[in-house]
Amino acid sequence: MNSLKRNSGYMAAIVLAACLPQSALALSQYTGSVDFSYSITANNRNANGNLQFLSITDFLVVIPAVESSSSSYSSSYQEFSGLGELYSVSLAGQDSIAFGNSISEYFSDLKIGFSNNSHDLDDIYDIRIEFNYTLTAQTTGRFADTDVFFSYSNENFNLDELVVAHASSETNSFDQIVNSDSFSFVLAAGELENIYFQSAVVGQLEASVVPIPAAIWLFVSGMVGLIGLRSKQSIRS
Amino acid sequence: MKFPIIILTAICAVVSQGGQAHGPLPVPLIGVPIPPVPGLTDGPAPIVVNKPMAIALGKALFWDVNVGSDGVACASCHFHAGADNRVKNQLNPGTLKPHPDNQFDRLSSGQGGPNHTLNADDFPLVQYKNPFDKTSGRISNTDDVVASSGTFSGRFTGVSAFSGSNDNCQRSADSVFNVNGIGTRLVEPRNAPTMINAVFNHRSFWDGRGNNIFNGSNSWGDRDPDAGVWVQVNRRTVRKQALHLENSALASQAVATALSQLEMTCANRSIADIGRKLLQRKPLQYQKVHHEDSVFAPLNLTTSSASQLQPGLSTTYKDMVRAAFASKYWSNTGRGAFGAPVSGGLAYTQMEANFSMFFGLAIQLYESTLVSDQAPIDTALRDPDSYKPIGLTESERRGQEVFTESHCNLCHAGPAMTTAAIVSNSMLVTPTPNAFFGPDHSLRAFGPNAMGKELVDMAKDAGITEIPSIVMRDVTRNPSGQKLIDFGFFNTGVGDPENDPGLGGVDDFGKPLSFTAQYVQYLLGNYSEVKDRAVKHVHSCQFLTPLAWDLGFDFDFPAFFTLSADRQVDGSREGLAEISLRSKSCQDPAYAFIPTVAAATAAFNNPNDQKFAQGSKAAFKIPTLRNIELTGPYMHNGSMATLEQVIEFYARGGNFDNSNQSDFLTRTPMSNNPQKRADLLAFLKTFTDDRVRYEQAPFDHPELIVPNGHQGDDQFVESGHPLASALAKESFLLIPAVGANGKIDPVEPFLAP
């Protein structure tokens, strides 16, 4: 190897090193999360005010429905243990890719079941659930899109709401929705009610039309060609 | 009692045979109602919850080149007054023939075939020694069609959800559309008609296959039992439900076009795949949008400024769908229930699976805004009694008389200038309190005199009555006489009837396209064969010439069911309420009969009986005449370049005599009168709305890059297209973005120098 080639090789290494941060910039990623907390209060219309026959149970299911090799999620859940307390539930999903494309989808479903197990017809419970929620969607990189859904409903759908946060590399890369709501219902002796809180975080990424490794190969082969050309010129001259 | 009716009918027949003018006057489009679509934007649970946003979505989808597999938008064939004036690579060798030879012909210029550049010498495609005299001899003929070049097609394998216009498809040179084996873009088999005022058509496409009913999935309306949309019935349940949206032929048309492998797409690609490609993207991602766009600017959807036009809207398709459509059509977050791509990959989401509905309805709502009602024929002062357009020039007024005496008005009737505008025409002749149409200085009340006033009811002469009629019986050329035919369609003998079946074709299920064929099944009592519900409610008394006829005495006419034993009251199969309905708006109450099932079966099984003769073969939808000056080439096969050639065609009584041809083709008294022809031409130009000519709102549009033939000519093209080396390199036409105020240079007629 003559000195010219060595110099070119050094130059290539310098240029390649300079390009590396750019390839890091080509990363596409999203994060999405639903955080909500709720509290439940109840009264018995019966003069004794006894709540011993009110049963409240909760059950959480988390489903990583579609995952890529790089996506991940986290979920937290405080189990219901008594009236008047605040319980937090969350679902977060994220993905980050340097090349190619990916789709990931995470769901969680919290079911809170209420039943009035009393045999006394005077035991009528007024129940109220108050909750607040934060939906956060964020993307970075060239091609990224994430939707964060939060929906809640009761058994017969007189409570039936949907909230969507959407972040996208094409428009707004950050979206956040903070809100609160409540639902009151009456449970007569022997009656049941269920309330469902469903969260979904879905994300779609594309890092680059031309994968980064291919770009590097193109660059390197181009440099090699350039070195060869310069070498020939030097010989000719 | 019945004799006077028969005598009157006979007199009418003699009058019409003599070429006397009758029938409806051309009337203004101002204030004419658009056919209503119950449940679309109204009712307890409208599908569209934000109409301006749905219109914007439709405009974006219509003009976006990303919709096609290789850079073809809906607008790519509808960019010039809603039509296509490209001249290069616009020939199809007649692929709709039952057994096509797939051979291109040499046209009159001496050239032809793929990548040929059309010129004035090529037109008309069918030529006569004396253009006004058919007996002078045909000197040129072809089964080739002048239409629109579309896609290279190929087999779809996938596409980016974010970037690039072109899908990944396995592409190769087509065996028909190529020059020396190098692939050229495929060309459609029928000419692209304008979408301006197309909202008034009861059905879409030249052959009517764009059903009046939109089923949310495809163009077949109620004919497809598997069609439907996915509905989130509540937060935890999603279900596929049938959709039955009336007066939605434009939606039916849009979804079919997007999946045409001649027009826009690669094979194995569904509209859900188009949704998957587009939903994350900015609409019009690579096309500049004018800062004064009449639809996008008021919604703050454009990022352009006067100094710099920017590509794309400031939103995504996904956000537009969510804003425009009720959440029950897109809110489900799961997959698995909605099918999966043929080409592989993740199962569809609800929003992807319902993209055919979003696509069809949004485009329909956009196209419903494209009504050109400011032409001279609309704005001219009118005689308050006769409603003739007295404000037109002398020549134009004479032209209107030629138009009527040549019976053009019997097919090109009503404000949209076609009897295919079935619903709005009927609404106009229905007396409605406080309902008027026309310019402020010449308002006309809805009612029987809406389209003129004479001794006989003028609208009715064209078959237009209060109750929309979808099947008609009319007179065609001898020897066959009366024929049943879909209302709004006719055979004028433009091309050889063997070249293209038109309305006589079949649907994807092998069933006839025509309503008429189904009506015959209804008469035969084969009710399960009647898929289009409206066919079960045809009113026989509205027929221009009767099918079953109460003469008042028993005399067996071969062309009609006249014997009392052979007929029953129309509606009697359904019950009293239907009898009462079907006796309204009659041409003649004596027509309000149908044959009994027994008589119908006997007639149907007798090969010599002509009562059920149908005129569907090579019949085509009667097109609007609005902006006709600018929308050439003309006819379903694009065979005429100028209005002069069209007038010559009618003056000589059509090209190809056949038994389905309208009887009135023989009675156009223009062949020996150049003044009449000049006046008629002047009159036809009164249908041009200057807002269309200058692309002012609502006819403004984003930038569009249209494939415009291939580098080279019909003898030589250059291979090495970026999509595949076996395809020919191509040229493009840049149509700049235009804002609400339009552009300076007018849209010119086809082949204008």
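# Briefing: disulfides, cores and the A–B interface

With 110 degrees about the S-S bond, the disulfide between B:Cys169 and B:Cys266 is right-handed. This link is seen in a predicted model, and a search of the whole structure finds two disulfides over all chains.

**The link of B:Cys169 and B:Cys266**

- The sulfur atoms of B:Cys169 and B:Cys266 lie 2.1 Å apart.
- B:Cys169 belongs to strand β6 (residues 168-170) of chain B, while B:Cys266 sits in the loop between α3 and α4 of chain B, so the bond ties together parts that are 97 residues apart in sequence.
- B:Cys169 has a relative accessible area of 13% and is buried.
- B:Cys266 also counts as buried, at 1% relative accessibility.

**The link of B:Cys541 and B:Cys586**

- B:Cys541 is joined to B:Cys586 by a disulfide with an S to S distance of 2.0 Å.
- This link of B:Cys541 and B:Cys586 is left-handed, with -80 degrees about the S-S bond.
- B:Cys541 is in the loop between α11 (515-523) and β18 (567-569) of chain B, and B:Cys586 is in the loop between α12 (576-581) and β19 (593-595) of chain B, so the pair ties together parts that are 45 residues apart in sequence.
- Both B:Cys541 and B:Cys586 are buried.
- Counting bonded cysteines along chain B, the disulfides follow the pattern 1-2, 3-4.

- B:Cys77 takes part in no disulfide, and the nearest cysteine sulfur, in B:Cys74, is 9.1 Å away.
- B:Cys77 counts as buried at 7% relative accessibility.
- For B:Cys411, the closest cysteine sulfur is that of B:Cys408 at 9.0 Å, which is too far for a bond.
- B:Cys411 has 18% relative accessibility and counts as buried.

**Nonpolar cores**

- In soluble globular proteins, nonpolar side chains tend to be buried together.
- The largest nonpolar core holds 74 residues, and those with the most contacts inside it are B:Leu61, B:Phe325, B:Met357 and B:Phe359.
- Both chains contribute elements that give two or more residues to this core: β10 (192-206) from chain A, and from chain B a list that includes α2 (51-63), β9 (229-234), α7 (355-367) and β21 (704-710).
- Beyond its neighbours within four places in sequence, B:Phe359 is in contact with B:Leu61, B:Val67, B:Cys74, B:Ala254, B:Val255, B:Ala258 and B:Ile271.
- A second, separate core has 57 residues, among them B:Leu250, B:Ala413, B:Ala421 and B:Val535.

**Interface of chain A and chain B**

- Chain A brings 29 residues to the contact and chain B brings 24 residues.
- About 2,200 Å² is buried between chain A and chain B, and carbon and sulfur atoms give 56% of this area.
- A:Phe157, A:Glu170 and A:Gln204 supply 23% of the area that chain A buries against chain B, more than any other three residues.
- Six salt bridges are counted between chain A and chain B.
- A salt bridge joins the side chains of A:Asp147 and B:Lys318, at 2.7 Å from N to O.
- Ten residue pairs are in polar contact across the interface of chain A and chain B, with both residues at pLDDT 80 or more.
- On the side of chain A that touches chain B, β5 (101-116), β7 (143-154), β8 (160-168) and β10 of chain A each supply at least two residues.
- β7(A) gives the most to this side of chain A, with eight residues.

Technical notes. Residues numbered from 1 in each chain as written. Chains lettered and ligands numbered in written order. Predicted model: local features only at pLDDT ≥ 70, side-chain atom pairs only at ≥ 80, totals over all residues. Heavy atoms only, no water. Core = buried A, V, L, I, M, F, W, Y, C linked by side-chain atoms within 4.5 Å. Buried < 20%, exposed > 50% of the residue type's maximum accessible area, 1.4 Å probe, protein only. Helix = DSSP H or I, 4+ residues; strand = E, 2+ residues; numbered from the N terminus. Contact = heavy atoms within 4.5 Å. Disulfide = S-S within 2.5 Å. Buried area = accessible area lost by both parts, 1.4 Å probe. Salt bridge = Lys/Arg side-chain N within 4 Å of Asp/Glu carboxyl O. Polar contact = N/O pair within 3.5 Å; in protein donor to acceptor, adjacent residues only side chain to side chain.
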